[in-house]
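Good morning, everyone, and thank you for making the time.

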Amino acid sequence: MKPKGIGADFARGYLSNVCVAGELQRNGLGYALICKAKTVAKDMGISDLYVHVAIDNEPAKKLYIKCGFVQENEEPAWQARFLDRPRRLLLWTDLSNSSDVSM
């Protein structure tokens, strides 16, 4: 799943702070935002896109999985405590092999 080495043949991107106002949730806006972000990233030459999500944020995890992300790793509890934040999952998607990232 992860790139095999560092080189000019791939670039990594990070998706940050995807939010939808509560009154607008559950109508496809988050899905559309992520799909557009994937399209823009791919157009910029990004081959691997990452995002962190709080481990207990089930709606966000489901949304990212629906958008093609898979779990890369899970933050250890001690690290989250040290940084005084909720535990997070790192999710990943491969943009290099998909012809249509907008799903």
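What follows is a walk through the salt bridges, pair by pair.

Please keep in mind that this is a predicted model. How many salt bridges does the count come to? The count comes to 3 salt bridges, and I will take them in turn.

Let me begin in helix α2, which covers residues 58-66, where the side chains of Lys61 and Glu58 meet in a salt bridge with an N to O distance of 2.8 Å. Because these two residues are 3 residues apart in that helix, they are separated by about one helical turn. Lys61 counts as buried, since its relative accessibility of 14% is under 20%, whereas Glu58, at 39%, counts as partly exposed.

The second pair is Arg87 and Glu74, whose side chains meet at 2.2 Å, again taken from N to O.

The last pair is Glu75 and Arg85, with a salt bridge of 2.4 Å from N to O. Here the link is between distant parts of the chain, with Glu75 in the loop between β3 and α3 and Arg85 in the loop between α3 and β4, 10 residues apart. Is Glu75 buried or exposed? Glu75 counts as buried, at 6% relative accessibility, while Arg85 is partly exposed, with a relative accessible area of 29%.

How values were computed
Residues are numbered from 1 along each chain as its sequence is written. This is a predicted model: local features need pLDDT of at least 70, side-chain atom pairs count only at pLDDT 80 or more; totals for chains, interfaces and linings use all residues. Side-chain values use heavy atoms; hydrogens and water are left out. A salt bridge is a side-chain nitrogen of Lys or Arg within 4 Å of a carboxyl oxygen of Asp or Glu. Helices (H or I, at least four residues) and strands (E, at least two) are DSSP runs, numbered from the N terminus. Buried means under 20% relative accessible area, exposed over 50%, partly exposed in between (1.4 Å probe, protein chains only).
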